[in-house]
Amino acid sequence: YGKLKDLETYSTGFLYEVVPVPALERELQRQSDLSPNFRTERGDEVGTINNQRRKNIIQELTVLLDPIANGHTPMFGVDQPAGIATTELIPKWMEIVPSSPEGEHGKYFVKTTEVEAEHSARFAVKCAYDPAAACPTFDKFLSESFEGAADKDETIECLYRWLAAAVLGITYKYKRSLYCFGDTDSGKSVLLDVIASLFPSDAQTSLTFEMMNDRFSPSRLANSRLNIVREVKAANLKAGGFGSEVWKTAVSGEPLEAEIKHGAHFTFSPRVAFIASANGAIPLTNQGGAVYNRISVLHFRNRVAEEDQDKYLVEKLLAETSGILNKIMEAGVRLMNERHMPDPPSSQELKKRWSSQLSSTIAWFNQMSNPIHKQIPQGKAKDYTTPTAVIYKNYQRWCVVEGVKAKGKIGFWAELTSLGVVRKKTKSGDRANITLRKSPQLF
């Protein structure tokens with residue numbers, strides 16, 4: 001090859017993209033309309049691409065690009081083999097495989113081969129494969145970004161394991177997304193630029209939490225591998241947060257109903273890695289365990305003064321892509337061996353602090369309720385529990401004082417139940433295992 005242009009073309013051309021059959025049929029029709037005597041790139045005359053020829057072409061493509069049809073079952077049993085390609089004259093394929101057919105626990109390792117058709121590689125990262133490459137600049141960047149945190153090493157490990165799951169397309173298996181939180185100029189955007197470089201641009205989306213509740217936007221996730229939001233819109237109790245149901249479903253990779261504008265409804269299972277960046281709290285409603293268990297917060301603690309900022313830092317980090325990939329795949333081995341995606345203590349603490357900022361139920365609970373009584377002494381139920389009707393009425397009065405809309409009974413009790421509150425029927429009526437603090441405003 002020898003020419004930069006040829007190498008660049010090759011680095012982005014060795015791709016197999018998943019294309020819906022109707023789109024292929026339309027393209028074949030277009031080609032036929034443009035040239036009745038259609039010729040291939042090699043000059044072979046094909047003639048008119050009639051309906052039967054279109055069917056034959058699509059069938060051949062299906063067999064060629066389907067690893068199962070080629071007798072190669074994807075390792076994880078979903079979609080395609082889990083791996084990532086790097087570009088050079090002979091592209092390399094990196095994947096994490098078990099050392100035995102049974103895939104015994106703790107027996108995974110990184111395997112590198114040349115890219116073959118059965119890998120169905122959709123994207124090749126623009127870097128040469130170098131198994132000895134390191135990434136000292138990236139290591140320094142992460143260390144300085146999380147400097148001062150007692151759990152710095154755990155935070156960096158969380159990031160690397162999530163990145164491994166993201167490039168392998170299996171974040172949904174661990175039901176985890178990332179939320180980069182910190183002040184302006186603290187390194188969040190730099191990290192997002194590096195992460196974005198590991199995915200094809202046409203397989204990236206930027207659906208915000210607000211857009212996830214839109215009628216048509218979720219359909220864009222069907223062909224996405226990375227949903228990256230660079231600035232999350234703030235929300236609070238009075239303004240309200242954004243619903244989390246579609247987002248929870250997408251992060252978990254569960255079947256999602258979608259609709260294309262002026263088009264059909266369809267169902268798909270998202271295979272998307274979600275990451276967002278913000279200066280404020282997570283703006284999602286219903287922030288019980290079902291939501292927070294799907295988010296790890298990376299706290300960027302250190303703002304970099306403008307005079308100290310390296311304007312070419314992103315370019316320097318991208319030059320270390322091969323070394324970054326090596327560390328990502330090593331973290332992937334740890335992830336596969338341990339089957340565990342860590343959530344740093346600082347992440348858990350922030351989520352706990354934020355939980356009351358968007359949920360009136362949790363805010364009321366933190367302000368008006370005593371700690372939950374997990375054990376109730378015999379004969380002391382009235383001292384350790386409160387009638388459910390009194391609890392809900394207290395909550396409604398609190399909402400009036402705070403100027404926020406009260407939730408209905410079903411939603412209110414669902415959130416309290418997720419916090420560990422238990423309701424029971426007693427001789428004196430329905431009661432819950434919490435007691436209320438006295439407030440002159442409410443009593």
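Since we are looking at a predicted model, local features need pLDDT of at least 70 and side-chain atom pairs count only at pLDDT 80 or more, while totals for chains, interfaces and linings use all residues.

Let me start with the sheets. Helices (H or I, at least four residues) and strands (E, at least two) are DSSP runs, numbered from the N terminus, and two strands pair if DSSP finds at least two bridges between them. Strand β7, residues 177-182, pairs with β13 in the parallel sense over six bridges, and here Phe 181 stands opposite His 299 in β13. Five of the six residues of β13 are buried, where buried means under 20% relative accessible area, exposed means over 50%, and partly exposed lies in between, with a 1.4 Å probe and protein chains only.

The other open sheet has three strands in the order β14-β16-β15, with antiparallel pairing. Its edge strands are β14 (386-387) and β15 (423-426), each of which pairs on one side only. Between β15 and strand β16, residues 429-432, there are four bridges in the antiparallel sense, and Lys 425 stands opposite Asp 430 in β16.

Now to the rings. Rings of Phe, Tyr and Trp (for Trp, its six-membered ring) pair if their centres lie within 6.5 Å, and planes under 30 degrees apart count as stacked, over 60 as edge-to-face and the rest as tilted. By this rule there are eleven aromatic pairs. In one of them, Phe 266 and Phe 268 have ring centres 5.6 Å apart and planes at 35 degrees, so the pair is tilted. Phe 266 is partly exposed, at 26% relative accessible area, whereas Phe 268, at 10%, counts as buried. Phe 412 and Trp 413 form an edge-to-face pair, with 5.2 Å from centre to centre and 75 degrees between the planes, and both residues are buried. These two also belong to a cluster linked by ring pairs, together with Trp 364, Tyr 392 and Tyr 395.

Turning to helix α8, residues 245-252, six of its eight residues are buried, among them Trp 247 and Lys 248. Just after α8, Gly 253 takes a positive phi of about 70 degrees.

Finally, the pocket. On a 1 Å grid over the protein atoms alone, a pocket is an open set of points where a 1.4 Å probe fits, with protein on both sides within 12 Å along at least five of seven lines, and lining residues have an atom within 4 Å of a point. The second largest pocket has a volume of about 630 Å³, a volume being the space filled by probe spheres set on the points, which are joined across faces, edges and corners. Of its 26 lining residues, the closest to the centre are Phe 141, Gly 187, Val 190, Val 304 and Leu 313. The largest share of this lining, five residues, comes from α4.

Technical notes: Residues are numbered from 1 along each chain as its sequence is written. Side-chain values use heavy atoms; hydrogens and water are left out.
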